[in-house]
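Dear colleague,

I am handing over the structure that I have been looking through, and my notes follow it. Please keep it open beside this message, so that you can find each place as you read.

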Amino acid sequence: MATLELDRVVKRYGSLEVIHGVDLEVPSGAFCVFVGPSGCGKSTLLRMIAGLETVSEGEIRIDGVRVNEVPAARRGLAMVFQSYALYPHMTVRQNLAFGLENLRTPKAEIARRVAEAARMLRIEELLERKPRQLSGGQRQRVAIGRAVVREPEIFLFDEPLSNLDAELRVQMRIELKALHGRLGNTMIYVTHDQVEAMTMADLIVVLSKGRIEQAGPPLELYHRPANLFVAGFLGSPKMNFLPVRPAEGGVRLEDGTLLPLPGTALGFAPLTLGIRPERLLLEGAGPGSIEGTVRLAERLGAETYLHLDTGAGALTVRTGGEAAARPGERVPVRLPGEACHLFGPDGRVIRCAPRG
Amino acid sequence: MAALQRRIGPARFAWVFLVPNLVIFGAFTYLPIALNLVYATTGGLAVLPGERSFVGLENFASLLDCKNYLDPSSCSKDLFWRALFNTARFVALQVGFMILFALITALVLDRKIRGRGFFRGVFFYPVLLSPVVVALVWRWILQREGVLNAWLVAMGGEPVLWLMDAGWSFFWVVFVSIWAHMGFYTLILLAGLQAIPKDVYEAAEMDAASPWRVLTRITLPLLMPTMLVVIVLALIKGVQTFDEIYVLTGGGPGSATMLIVQYIYETGFAAQPRLYGLAAAASLLLAGLLMILTLLQLRLNRKSYRG
Amino acid sequence: MASLAGPGVVDLLTRTRGKGRLHWTDWLAYAYLLLGVFLMFGPVVWVVLSSFKSEAQLLEFPPTALPYGQPSVRVEGYEEPLPLFRVRLPDGSVAEMAQVRRIGIQAQMVDPAAPQRVIRVDINEREPVRTLSLATENYTELFERFHFLRYLWNSVFITVVATLLMLLVNSMAAFALAKYDFRGRDVVFVLTIATLLIPPTVVLVPVFLVVSQLGLLNTPWGVILPGAATPTGVFLLRQYMLTIPDELLDAARMDNASEWKIYWRIVLPLAAPALAVLAIFAVTWRWNDFLLPLIVLSQSEQFTLQLALNSFKGEMHTQWGNLLAMTVLTLLPITLVFGFLQRYITSGIATTGIK
């Protein structure tokens, strides 16, 4: 258990700066997920924390102690790699024991910890096998086991589930979360998959282009995104964005409809209105009602995503599984004012929808 | 071609593509293998097999006729046994040290090195030189008034007749042969090293492995399949060494550096009379040895692909 | 072992992560590599430098690093040019003088400016004047006196024809083995690969018989033909051709292409990368070949460069100048090829594992 602090951390490769001064505090015992599109710097940041990449500027602290110069092995961390990086010539048991042997842990202690980890991860019967004799999911467990036996202060995961098929991924997600519950360690988890981020994290850190866009608990980020990037990145289907102009008592959509938004600070610059698909209502009465043509109906059984073309722009509506709308049909749709976010020209949020 | 294809049909046309290759193989490989057996079991000085008299295993018997197999001078074909012993000693030393230095060089080149391509090329360059050129280059350095003796004298030593002394001559034969071929094995070992995934090293770094443990527990075990293949390959090539030594020392002084292939060449072509039967028998014994080594290599190859 | 070898050696052989500044083991690694440069290039460089030395200078001990020459001057009254020396005169002054002749430990010297007066000096009081000069006669004599062009032509002819023939014959066989399904294919393939087990050294005697019975002794074809079919080449090309999709061939058949045309116009161009690798190997094999030419070619006008070099070694035991020049000319083409294609060659070898 340890806290992790990043203080204006910068990474440069030659003259190319890829991480631009990241500040972050991860409380002890938190499950923290770094999420962002590929190339956003999340893996680099994780590798800097691990000690596999140098820190160009700034400070990384574990439990308040600066670790910039501490070699990877002495930071009290363990890492699970995307490719698992199991030692191919060693048995599972040797894979688990290797790190402990390096630290000159007594033999009995090694045996105890390996047995315990194997039991916890249900890989006891695999201990004498080589990695190539294991399935993807089993390798994944061994990789986690190799981290667990080290009894680290902090676990690091670098996209550990990306090589698994969809079904196994869901299962491992649950197991990892359970593991966190049992061990209680601080965990830093990197993924590009926002579903993994939402379901597993206590603390989500959304990264883009080497900067933190927003950090906070999942629902906080979902309901109160600080900017367009976070609003668009989290949630599936994506939040709808419509160009609007400020108007007396609210904003005006592109088709001229006035959407009353009480208490909105106004200006003249064009704004972006955001509204989640599940907050749109298929009804014609009340303020903010417009009409749209159904372009496509995606029926998932339990729910239906209707893709509409309206005079104000394209909208995706999430509605019940039995929705009757067919392509080409015209349907009414209402944008309730209390569900709308407003973003300024610079992408920052101006008005958040109250939780609901 | 088109007319030919109409006559024999496209499926059997494959044989048209195969014929040139098979004819050449037949004339210069398959037929010679059969002829080798004929030569080895016949005697006399005639070149044409028809004019030679059948002697059974006499050639083999005379080659293998020894009172004491550890003492070449007690054998009726003592030169054959000297060549055999020389070859064994040469191969053991040459392959052993060459693989060791190739491994060291490959490990150094696998570090983060500026100009790796250049240095890799440097070690590889002698591999492309012809054996004759290699031998002449070193003859020039090792001659009595050569640059090596000049250094020796400058350091206050006495000039040495490097290639006239049996011990030194053997040393230089091994040295030059390593010099000429090491780059090839370095290259293959380096390829093997670079095929080890980078993240395995990172995992070891996270696992607090010391550099020495990374070398002995990760790098070398993972390089082992490549190492085995390389060693057997070097053995096969080493047993067949001829040209560079023939030009460098001519097998001398005396027969101190004469290897088995030179013995075959001298017996069959350089000596008067030309003893084709004896040469063929000796080459069949060599073939047997090489066959064992090659089968070993094929086995290892298959294993390393599976592994 | 760890304690014996010490941390230095250990770190040298283990992977550096190259973080930050150069560690002292990095310096050690560079030192090792520079020693390698010296050991690998040094001998060849030494031969190149030596090949520009005059016959007299080659006999000098200890040798100088660079080729020097002793300039000579024409002096009035003497027919031959006289060599220049720096002489310490009895009065202590030093002058450059030409030597007329040497008698025992005395030398007769003459001042080129005043050729009438001859002075006798002790030979220890004079030393030759030295200037950098290239003894290019080592090279020019090769062309004038030693049939160098003949050997060069033989080598080039054999190398070029044998390489082309080998590429053609091997690629045809590889094509048949990779792209046709016919009875006996596996037998042929196994027979081909099995010849890997029969290195040329083993069938030396009977190959000589076959070559001589075909009337090819002392002709370039006696060297070219036996090496035209190689298991390595067939195997390498076949493996590469297996990666060419069969659909491509079928499409060509739909377009009415004959089987030969499919081979010549479709498969060969697509196999160009593998052909290029094999071509480089073949050129070096042929250019450097020694044992087969040694038994097949016994008349000196048929000699390749390698054979000529070998025979000069005996014949001209004292004429190192020409021998060194010829060595340099023989290693030059391979060195140039390597210089331009280094990356290509090394990666080709690393991936195929042949040489």
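**What was found**

In chain A, strand S15 (residues 289–299) is joined by seven bridges to strand S16 (residues 303–310), and the two run antiparallel. One pair that you can look up is Thr293(A), whose bridge partner in S16(A) is Asp309(A). Please bear in mind throughout that this is a predicted model. Both strands belong to an open sheet of four strands in chain A, which has the order S17-S16-S15-S18 and antiparallel pairing. At its edges lie strand S17 (313–320) and strand S18 (330–334) of chain A, each of which pairs on one side only. Neighbouring strands of this sheet are turned against each other by 45° on average, direction ignored.

Elsewhere in chain A, strand S1 (residues 4–13) runs antiparallel to strand S4 (residues 57–62), and five bridges join them; among the residues concerned, Leu6(A) has Ile60(A) as its bridge partner in S4(A). On to S5: S4(A) is also joined to strand S5 (residues 65–66) of chain A, by two bridges and again in an antiparallel manner, with Arg66(A) in S5(A) as the bridge partner of Arg61(A). S4(A) and S5(A) form a hairpin with two residues between them, and in its turn Asp63(A) has a positive phi of about 50°.

How is chain A divided into domains? Domain 1 covers 4–228 and domain 2 covers 237–351, and their centres, taken over C-alpha atoms, are separated by 39 Å. Four residues of domain 1 of chain A are in contact with five residues of domain 2 of chain A, and the domain 1 side of this contact has three nonpolar residues, one polar residue and no charged ones.

Turning to the other chains, 85 residues of chain B are in contact with 82 residues of chain C. On the side of chain B that touches chain C, the largest share, 16 residues, comes from helix H2 (residues 14–40) of chain B, while by class this side divides into 66 nonpolar, 12 polar and seven charged residues.

Finally, helix H10 (residues 211–239) of chain B spans only 36 Å between its end C-alpha atoms, whereas a straight helix of 29 residues would span 42 Å at 1.5 Å a residue. Following H10(B) along its length, you will find a bend of about 50° at Met224(B), and a proline, Pro225(B), follows within four residues.

With best wishes

Definitions and conventions: Residues numbered from 1 in each chain as written. Chains lettered and ligands numbered in written order. Predicted model: local features only at pLDDT ≥ 70, side-chain atom pairs only at ≥ 80, totals over all residues. Pairing = 2+ DSSP bridges. Axes fitted to C-alpha atoms, helices over the stretch in contact; angles between N-to-C directions. Contact = placed C-beta atoms within 7 Å. Nonpolar A, V, L, I, M, F, W, Y, C, P; charged D, E, K, R; others polar. Expected span 1.5 Å × (residues − 1). Bend = angle between axes of the 7 residues up to and from the residue. Domains from an automatic or database assignment.
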